[in-house]
Amino acid sequence: MSGADIHVLPDRHVARTRGVTRRFGSTIALDGVDLDVAAGTITGLLGPNGAGKSALLSLLTGLRRPGSGVVELFGGGPTDPARRRRLGVTPQETGLPDTLRVGEVLDFVSRHYPQPRPAGEVLERFGLSGLQRRQCGGLSGGQKRRLAVALAFVGDPAVVVLDEPTTGLDVEARRALWDGVREFHHRGGTVLLTSHYLDEIEELAQRVVVIGGGKVLTEGDTASIRRVVGLSLVELRAAVLPELAGVVRDEVDGDRHRLHTPDADRLVRDLVRSGVPFHDLQVRTASLEEAFLTLTEGRAA
Amino acid sequence: MSALALTRTHFRFLLLENLRVPIAVGSAAIFPALSLLFFVVPFGFGDDVVAATSAVIQLAVFGVLSSFLFTFGVGVADDREKAWDPYVRTLPAAATPRIVGRLLTGFVFALIAIVPVTIVGAALTAASVTPLRFLAGLVAMLVAGLPFLPGGLAVGYSMPVKAALPVMQLIFFPLAFGGGLFLPPQLFPGWLQTISEVLPSRGARAVVIWAVQGIAPSLLTIVSFVLWVVATAALAGWAYRRDEGRRFR
């Protein structure tokens, strides 16, 4: 099997799961998850902490086996090392071995692959040139993060899995990293990335899969997902409020209201038009956690 | 990539990672030799061939015990806290190169721990051994380490580094003393001799003394030693499975 014939087939799924469940002790981490990752796409897994993203990735990268259901990577089980030859994964930056040099870590990883990329090229792509002799423990936070992402690309992969790739990066480093990911995608690479920031997913992914409570809650293109989970939070104080259209959730604490809505502009206009006295108005984007609470409560109701 | 080449890669990487912390390597290697120098050589035990040879053996066993408990115990606890180990498991390699690499690293550190004490013993005491017996002794050292390897793993898989370190020290000194690795057990009072015979460290000492000096241990010591090997292996397996369940994020 050569890697090349895998990622040129346009409609082939490089990774997929069917009815996957996994429990850890009494916790149900995944509950019947179906996921398809088509070759040459960037798919974003979106969900708050504890949603099951990491558990799903641990199955797809061969770290664990599912309790039931099927997990496939390049048409076979990812626990078979041969299936992982065209897979690149990012360690968390806290995990790099402090005492080893950057060059040694790259060398170690590249020895696992039949046709690794030259170390110099990988370092350059992620702005790490000249740091080969530096011990990992002596790198800055941003450099560690970039090295971690670079390791995913060392083996010349067809698929890379990036788990929260830009956590802790400044704006400039984040842009550089996004550019690297896009370049890989333009050359035909497949990307599966997780984030709990909708903005990050929107910036890169074409397709978003929303995970919560171990289930796929919804999936679609970024615009449609934004409509579902991209809520605004309108906070204000008022003795009494009229019925307002588009409020998906209303938390009241004394005279303090927290209104969740997909359209804050319209809500504020309606509010002003109604003539009801209010003060301390604040509008901000609801966090994903807040949006998820609304989403899951909406389902239960 | 052949399995052999990958094993070499993992071995080299782990060795390098551990050697970069020279204080850890150094203290494990120096302690047995210093003990021999301070507690055996000046007190005349060193002049008697049998006693001197036993003294070198028991301190070398101490070196093996400490390297196994620390490389496999604290080392594994440390791995579990870092995200590096799960990352390495996503690379296209089976588990074998990684496991064999770690075992070999433990063996190298055990070897590093017994070299200085052997040299001091040969140079400054009456300890003596035939080349064949010496080789038998090296093999016996590995056998002697058998309960401490899974014992270390069991601790490593059950607790974080901050707890694993003191727990190791707590287990390690009474075990080493009780097993006769500091003082020969013949000097113990009767009740302690009885306890000593069932300790894994006593079994470890006895196995090597048997190979090098031909002094057969008691049946109780051998049976206890075998039971310890089985028990620690079972414990390590249990701790590993329990850990897999808990480590979920």
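Modeller: In this predicted model, helices α3(B) and α8(B) cross in a right-handed way.

Colleague: What makes the crossing of α3(B) and α8(B) right-handed rather than left-handed?

Modeller: The crossing is right-handed, so the near helix is turned clockwise from the far one.

Colleague: At what angle do α3 and α8 of chain B pack?

Modeller: Helix α3 (residues 49–81) and helix α8 (residues 161–178) of chain B pack at about 165°. Their axes are 10 Å apart.

Colleague: Why is α3(B) called roughly antiparallel to α8(B)?

Modeller: The label needs an angle over 145 degrees. The angle here is about 165°. Therefore α3(B) counts as roughly antiparallel to α8(B).

Colleague: Which residues of α3(B) and α8(B) meet?

Modeller: On α3(B), they include B:F62, B:L65, B:G73 and B:E81. On α8(B), B:V161, B:M168 and B:F172 are among them. The contact residues divide into twelve nonpolar, two polar and two charged.

Colleague: Now chain A. How do you know that β5 and β9 are edge strands?

Modeller: The open sheet has six strands, in the order β5-β6-β7-β3-β8-β9, with mixed pairing. Strands β5 (87–89) and β9 (215–221) each pair on one side only. The twist averages 15° from one strand to the next.

Colleague: Why do β3(A) and β7(A) count as paired?

Modeller: Pairing needs at least two bridges. Five join β3 (residues 42–46) to β7 (residues 190–195) of chain A, so the two strands pair. They run parallel. A:I42 stands opposite A:V191.

Key. Residues numbered from 1 in each chain as written. Chains lettered and ligands numbered in written order. Predicted model: local features only at pLDDT ≥ 70, side-chain atom pairs only at ≥ 80, totals over all residues. Helix = DSSP H or I, 4+ residues; strand = E, 2+ residues; numbered from the N terminus. Axes fitted to C-alpha atoms, helices over the stretch in contact; angles between N-to-C directions. Parallel < 35°, antiparallel > 145°, perpendicular 65-115°, else oblique. Contact = placed C-beta atoms within 7 Å. Nonpolar A, V, L, I, M, F, W, Y, C, P; charged D, E, K, R; others polar.
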